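Here are some notes on the model you sent.

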Amino acid sequence: MTDALHRPPVVSRISDLIGHTPLFELARADNGARLLLKLEMFNPTGSAKIRMARQMVLDAEERGELREGGHIVESTSGNTGLGLAVVAAERGYRFTAVVDHHAAADKLRAMLAMGTELVYVDADTEGEELHTAAREELAEEMASGRENTFFTEQHNNPSNAVGYHAVGREIAQALDNRVDVLVGAVGTGGGLCGTARELRKSVPDVAVVGVEPKGSIAFGPPAHDYYQSGTGTPEGATIGLLVDYDLIDEGVKVGDIEAFATARVVARRTGLLLGGSAGGVVHEALNRLRTLAPEAVMVAFINDGGEKYLDTVFNDDWMNARALLDDAVEAGVDDMLTELRRP
């Protein structure tokens, strides 16, 4: 595996392009406090989750649980599946993704293009209800007892978090260990907690803030449906073992309306397309920026870009049909970005 901090000029595998993603300064307060976005959409597949997808496969190979000609099975809402599709294709594995119709259509089409077998848990419906628990049960059942078949089980696989250790090293190196706050979404917990664990080796006092959708249960009730995909823990699902509360100083919730409004405004103001849950992370970060000490540095972990959400978050018809479009909220985000001067 190539260290992303020392990538060669020519690579032979798509997965060798993982990492060394850029930092983008979105806003700066009057006291010099800065908000930097760690843009993981610059990874192959446009998402951070390819980092942990590769790590889960490499570690399974190391343990002898996955061998030549093997079969990978995972429950996914899209981005993890895309990462596993790449790794499976380049390493010669069969890959089955257990999905539901909540996933972005473009993610599902991309997995199919790379040879993935899609199995729907809600095959007889076209609804948008999350089926996380049902997906997990079916994926486990499909892999159980089958020769050379590995259920990656991202929510409880320690390799998930290990895959993000490089993010912590990249942030520390790029900023010469000057980081005061790390903000990120909490789904499986691997991304934020894996990054934070490694970052604290260089920056022990960095504050870590976890963000989940309103309706998710990792930071407590109430539970209800939400539209932010690939993040949070919906009612009926088990909070993953990788959500390490000892590493998270504060857990907060951001609603769909605020998250999506932020993604839409950032796109109009900067030309940067953010994923829906990334909008929630940025919304929380913008609200915090004015409270930070002078010259403080806050890094927001941006899991993916908005190109996969053009039919949803950036589609007025889709947003209006679900009562998610709120001009007043978008205006408030726009005002925040105006008040927090751009560099």
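1. Asn-303 sits in the loop that links strand E10 (297-302) to helix H10 (316-321). Helices (H or I, at least four residues) and strands (E, at least two) are DSSP runs, numbered from the N terminus. The model is predicted: local features need pLDDT of at least 70, side-chain atom pairs count only at pLDDT 80 or more, and totals for chains, interfaces and linings use all residues. Residues are numbered from 1 along each chain as its sequence is written, and side-chain values use heavy atoms, with hydrogens and water left out.

2. Is Asn-303 buried or exposed? Its relative accessible area is 14%, so Asn-303 is buried. Buried means under 20% relative accessible area, exposed over 50%, and partly exposed in between (1.4 Å probe, protein chains only). Beyond the neighbours within four places in sequence, Asn-303 is in contact (heavy atoms within 4.5 Å) with Glu-40, Met-41, Gly-46, Ser-47, Ala-48, Lys-49 and Asn-79. Leu-274 is 29 residues from Asn-303 along the chain, and their C-alpha atoms are separated by 8.6 Å.

3. Leu-274 also belongs to the largest nonpolar core, which has 41 residues; Leu-274 is listed among those with the most contacts inside it, together with Leu-26, Leu-35, Leu-37, Leu-286, Leu-289 and Ile-302. Helix H9 (residues 276-289) gives the most to this core, with six residues. Another core, of 25 residues, lies apart from it and includes Val-167, Ala-196, Leu-199 and Ile-248. A nonpolar core is a set of buried Ala, Val, Leu, Ile, Met, Phe, Trp, Tyr and Cys residues joined through side-chain atoms within 4.5 Å. In soluble globular proteins, nonpolar side chains tend to be buried together.

4. Thr-45, in the loop between strand E2 (34-39) and H1, has a positive phi of about 75 degrees although it is not a glycine. Thr-45 counts as partly exposed because its relative accessibility is 23%. Asp-176, in the loop between helix H6 (165-174) and strand E7 (181-185), likewise has a positive phi, near 50 degrees. With a relative accessible area of 63%, Asp-176 is exposed. Pro-222 lies in the loop between strand E8 (207-213) and strand E9 (250-254), and a cis peptide bond with omega of about 5 degrees joins Pro-221 to Pro-222. Most residues other than glycine have a negative phi, and most peptide bonds are trans.

5. Gly-69 is in the loop between helix H1 (49-63) and strand E3 (71-75). At 57% relative accessibility, Gly-69 counts as exposed. Setting aside neighbours within four places in sequence, Gly-69 is in contact with Gly-92, Tyr-93 and Asn-148. Phe-42 is 27 residues from Gly-69 in sequence and 30 Å away in space, C-alpha to C-alpha.

6. For the whole protein, there are eleven helices and ten strands. The C-alpha trace spans about 60 × 45 × 35 Å along its principal axes. Of the 343 residues, 57% count as buried. Among contacts with a separation of 6 or more, 71% are between residues 24 or more positions apart.
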